[in-house]
Amino acid sequence: MTQKNRFETGGQIDRESLHKFTFDGKSYTGHAGDTLASALLANGVRLMGRSFKYHRPRGVLTAGSEEPNALVELRGGARQEPNTRATTIELYDRLFAKSQNRLGSLKFDLLAINDRLSNFLTAGFYYKTFMWPAAFWEKLYEPIIRHAAGLGSLSLKEDPDVYDKGFLHCDLLIIGAGPSGLAAALTAGRAGADVILADEDFRMGGRLNSESYALGDMSGADWAAATVAELASLPNVRLMARTTVIGAFDHGIYGAVERVSDHLREPQPDKPRQILWRIYTKRTILAAGATERPIAFDNNDRPGIMLASALRTYANRFAVAADKRVAIFTNNDDGHRTATDLQAQGIKIAAVVDVRADAPRSADYEVLHGEVVDTKGRLGLTFAELKLTDGSSRTLECGALGMSGGWNPNVHMTCHQRGRPTWNADLAAFVPGEALPAGMTVAGAALGDLSTAGALSGGVKAAQSALDLSGQGPDLPQAEDAPINIKPFWYVEGCSRAWLDPQNDVTVKDVKLSHQEGFRSVEHLKRYTTLGMATDQGKTSNMGGLAIMAEFAGKTIPEVGTTIFRPPYTPTAIGAFGGRHRGQEFHPKRLTPSHAWAEERGAVFVEAGNWLRAQWFPLPGETTWRESVDREVLATRGSAGVCDVTTLGKVDVQGTDAAEFLNKIYCNGFAKLAVGKTRYGLMLREDGIAMDDGTAARLADDHFVVTTTTANALPVYRHMEFVRQCLFPDMDVQLISTTEAWAQYAVAGPNSRKVLEKIVDQDISDEAFPFMACANITVCGGLRARLFRISFSGELAYEIAVPTAYGDALIRRIMDEGAEFDITPYGTEALGVMRIEKGHAAGNELNGTTTAQNLGMGRMVSKKKDSIGSVLSEREGLNTDTDLRQIGIKPVDPSASVPAGAHLMKLTGPISAAEDQGYVTSACYSPNLGHAIALGFLQNGSERMGERIRLVSPLTGVETEVEIVSAHFIDPEGDRLRA
Amino acid sequence: MHDLIPSTALGGSTPRTDTFPHVTLSENDGLALASVAARLGREADCHGHLSALLGRVPGPGQAVLRDPEAGFWMGPEQWMIGAPSASQELLAEDLKARFGDSASITEQSGGWVCFDLIGPGMVDVMERLCAAPVRRMQAGDAQRTVIHQLGCFVIRREDPNHLRILGPRASAGTLHHALVTAARATA
């Protein structure tokens, strides 16, 4: 098909570059420099979509990002993107798009029946209709509504593209590269400032590319191109076309989405589709221009009816006639500019219909004083019905109609930090208020300077003001400086189906209904009618809606006010917010020093925070994890096992007050801990609840190494820094994390000493290195290392640490040297089993609700000193004789399971929260005992040893008789670990 | 002399290098690191030792790029000192001897992975990775920043195309992946 509506000359398209594309399966051609909308119009396609609610035929309303109607599904397969605005899609070769929100073809949409039911489907329809019967909601109403609702469809496939995030810094961010933005950039760029000029369009120039008037002796588009070329030559200016600034955030930070690859069929290898930039700027000039608004009259939504400025854009920039016969409906002089431009391109102007009695006359086209009251044309405009001021009626034959209701400055970004725009009666529009985001200046049409000369000079002044520059600034070309002559006119009196918000099918009548039913606040109006929601966020509709509400409410427009402007300015892909953080890269991984070795052995890993820890090490023939874990436990308790415990937090504590500092953060005493000794410590929160436990090893008088649980490494370190900096700033103590600096392995089991004696260079006999000893040592002939004789498993055990670079070598050496003792690597599951067998508390027990007394450690809270949490740990009501105590649990029937999370009830009686006596925190199968065991908390538990009780888990259907026993299932006297 | 063989942060026996048209990314395995924190009331003594070691005391956001030892500011009265590990593997012990009880010294060699990013596209790569104003940083500027959720230090070296990145060693693979991905995206 030829481009029948394309002018033979003109426009800013590359006629040498022919792009083929398809829309709804039909092939067309366009040119580089086209949008999908301009190319479709060039091919005579006016019908581009169906409306949201009534499925009315729709074409383009605009030529920019404010487009509410021409939403299409772009691309296919996994890249299919619904709700893409045809007016912003840069045409590329073999582009594939289809219309959306239809049942059947675009021309014969079966859901257009909704339009016939419009009397029932008014605003508030859902709220009123689906109230009864209640049972119908979930099974009938909601499925039907969900099936019918929504625009476009998702591919439900993973997005094959990647998105980047980026960070930029500048002295001056200029948002918008129209006349004011370009003039500002020229001023700032020539002055040497670091400037970022961002524009959402792929061609910078803004309205200069859409207008026919000259700047000096050049066309506006040529002046824009020449200015952009100069800016591109300046090393201090970064030009960012295809970049939409989406929000103004705190501290001079702006979000911007750069569409790197959207103008390509698919991104180049390794290149992102889009980049979400975070721009840090000292000053900002908002030069975002203005958006023309439509006028509401009956059936003003037919394809072919669009903003008058859009008609100019299609004609001047894209060399496209929306139709060969065009009418204009205006309330200001700008509508006449459209008529002049189109006529100059050879388009027949059916008439300009102007509501103003003093409308300018024209010798070139007919000017009628009156209103457009209705239109005709099933799938596109064919006739416009007029009612003239003299009382007569008239019908105009036309295929396109331009609406010019005035211009709204794009104030959105001025309001992203709760600023409110103010009303300008001369423009009949809101303009930026006084409370702007810090550092922001507004220039050009966004400020209400709607003439080109005003925009240019405003841009220069804004840059000079922002950067504190003096002088004249760049020489500006002579440009049009026409005044604003406008008569506010929002809708045609007496209309019934006059569309205010075509995206949400909101009519003047809906606003009236909202008012009648009491939803008069502009925010209520929005929610009740959906005015201004969805992809366009009401850029062309909000103003009309609130003006009409003002009239119905008997208020002024500023009294009604606007809704809150929120980012993002235009629809933004969720993928852009996610960036590279998806799939395996969702969060960083922390690998232990033995990770590669563990992988070689087929370890199964588990995430612990960002760490990947070996959970167990399956051997050939083992078919369940339990087999592996049972073997690891038995082997460790039987001879020797080794486990990577690098993940435990390690905080280096130094200073002359280091011991006193530990006395503050631990509830038990540390000041008298001898050098070369390690002590278990319990840390309380300010409110007396247990926070974390671990050990502190004293390597010197002024040097401790504190270990924390893996999960609490960061919170504990943060807490310690808070204590150091804020509570005890006069203490001489220095903290630094060394968690990753040392590879640390637990070597446990009765033969652990024998294994380590082959590695450690010093004497580690029980006499030389007794239980809870610690020391700086050397291994393997001289490598610096640390050794701690501590035990989580309850066995004779050590933790040995070397600088991380040697971690891989050390684990392999331990395995080699331990081979004669059948040393067995064990993972976190076996670790968990052994600590439950030993009755050691862990994260499940230190769960943010338990006290030292609950844990059976009440006496650890020293009364001889002050420590964080010690006072409140004894507050009234916290500790009672009958409160929860940590206990051990074993099933009466050895084959029964004991699930963690189960609750403890009396042997008989009801199962309810009121009867709850405690709960299970940790549970496992003990291969040493041959049955399940568990730790838990039970009321007055320490006094109930031997009692039988019922363990229930209503969720999993478990109800088991259990016996309360000591939490120390293995070696309660501690003989093994002191061996 | 011990007989354990170290591995690099990326798990290799030799440092890894990735070459792109605009940058080269090199794992730097030859850096010994130790932190220095001034003891309370001994700040002047500590500064004196730092000056003797580095030539001056690096202020906030600053590094002193001096051979063989270099150092950068990490926090109030806290610095990181680096030196070639081949000659100063026991850097922390050496510093303890030098600083005495004027400072707390902690070995950090195993805690960090170091990457050198060199090439004309270095800034473009970093703009996709961190909020630090790398383009504006001068030689000797050192900033704490976040790369792919990882707390890192970035230090501009004297070669304007050279940036040194220190990140948490356990996440060396993640950091390397992020750097390589950004390098490919900007190539």
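At what angle do helix 7 and helix 8 of chain A pack, and how far apart are their axes? Helix 7 (residues 308-317) and helix 8 (residues 333-344) of chain A pack at about 25°, with axes 9 Å apart; axes are lines fitted to C-alpha atoms over the stretch in contact, and angles run from 0 to 180 degrees between N-to-C directions. The model is predicted: local features need pLDDT of at least 70 and side-chain atom pairs 80 or more, while totals for chains, interfaces and linings use all residues. Residues are numbered from 1 along each chain as its sequence is written, and chains are lettered from A and ligands numbered from 1 in the order written.

**Chain A overall**
- Chain A has 21 helices and 49 strands, which are DSSP runs (H or I, at least four residues; E, at least two) numbered from the N terminus.
- Its C-alpha atoms fill a box of roughly 115 × 70 × 55 Å along the principal axes.
- Of its 979 residues, 55% count as buried, meaning that 20 or more other C-beta atoms, placed from the backbone, lie within 10 Å of a residue's own.

**Helices 7 and 8**
- Helix 7 and helix 8 of chain A are roughly parallel to each other, a class for angles under 35 degrees.
- Residues making this contact (C-beta atoms within 7 Å) include Leu311(A) and Arg312(A) of helix 7 and Thr338(A) and Leu342(A) of helix 8.

**Glu829(A)**
- Glu829(A), in helix 21 (residues 828-838), is buried because 22 other C-beta atoms lie within 10 Å.
- Glu829(A) touches Gln615(A), Trp616(A), Trp625(A) and Val629(A), not counting residues up to four places away in sequence.
- Glu632(A) lies 197 residues from Glu829(A) in sequence and 9.2 Å from it in space, C-alpha to C-alpha.

How values were computed:
Buried ≥ 20, exposed ≤ 12 C-beta atoms within 10 Å, placed from the backbone. Contact = placed C-beta atoms within 7 Å. Parallel < 35°, antiparallel > 145°, perpendicular 65-115°, else oblique.
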